[in-house]
Amino acid sequence: MILTCVVVEDEPLARNLLEQYILKVSHLQLVKSFSNPLTALEFLRNNSVDILFSDIQMPEITGISLLKILPKKPLVVLTTAYSEYAIEGYELDVLDYLLKPITLERFLKSVEKATQRLSVLPPSTIPEATAPNDQTQSCIFVKDGTKLVKIRLSEILYIEGLKDYVTIYTKDKKVVTLQTLKSLEVLLTPHHFIRVHHSYIVSFEAIDTIDKEKIQIGKMWIPISDTYRKSFKEFIERKQS
């Protein structure tokens, strides 16, 4: 799997270092390298890449501002000499945060995180042979250690997220994979799955009981947070109409 990359860095030496690091990794492909973040913004609005390596402190707009403006973000690795930006970067769902001077070893750790994250393949639609009306059954592949594990969406009960990891609970197993809950959420069929908490996504089919502030799935009670209460209520109402 080749991962495409863009570098946005106004310092020539730092930009050249990142370019050289990318060239050392066989499954990375440098698509563009920019010294001006506004030029990079124009390119990224019209082109998709897998990983964006961006400095934070740059003229005209910062790397943080660049992320906020981008309508569709790739995986983002922020680079800077100042650690105080780490919290804001985390809130923007940044993949990693590299402090300058960046060593090759630390760079490779970021690349490994990106490779793990992007190892989740898009949903594939598999014909269900016994379906009487040409229904389909979807599945996803997620990375579990060194393996890609196939999970049928119909078997998922709920998903729990913890920072850069998610645990997918099915009817007969659980799979832990390196990625965020947000990145996995986009792969799930919205008609069947709903986010109910910062840390939980549930399957409608798996819900046994709905209380005012929690959901029961088997022996597990999952909280419904205030942030997602309204959307969950609307989701249930649509399913019942």
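**Exercise 1.** Find the hairpin that joins β12 to β13, and work out how the two strands are arranged.

*Solution.* Start at the link: β12 and β13 are connected by a hairpin of two residues. Helices (H or I, at least four residues) and strands (E, at least two) are DSSP runs, numbered from the N terminus. Before going on, note that this is a predicted model, where local features need pLDDT of at least 70, side-chain atom pairs count only at pLDDT 80 or more, and totals for chains, interfaces and linings use all residues. Residues are numbered from 1 along each chain as its sequence is written, and side-chain values use heavy atoms, with hydrogens and water left out.

Next, the pairing, which takes at least two DSSP bridges between two strands. β12 (residues 193-197) and β13 (residues 200-203) run antiparallel, joined by four bridges. Across the pair, isoleucine 194 faces valine 202 of β13.

Last, the covering: four of the five residues of β12 are buried, meaning under 20% relative accessible area with a 1.4 Å probe, protein chains only.

**Exercise 2.** Check the length of helix α5 (residues 104-117).

*Solution.* The rule is 1.5 Å times one less than the number of residues. For the 14 residues of α5 that gives 20 Å, and the end C-alpha atoms are 20 Å apart, so the two agree. Buried residues of α5 include Phe107, Ser110 and Val111.

Terms used
Buried means under 20% relative accessible area, exposed over 50%, partly exposed in between (1.4 Å probe, protein chains only).
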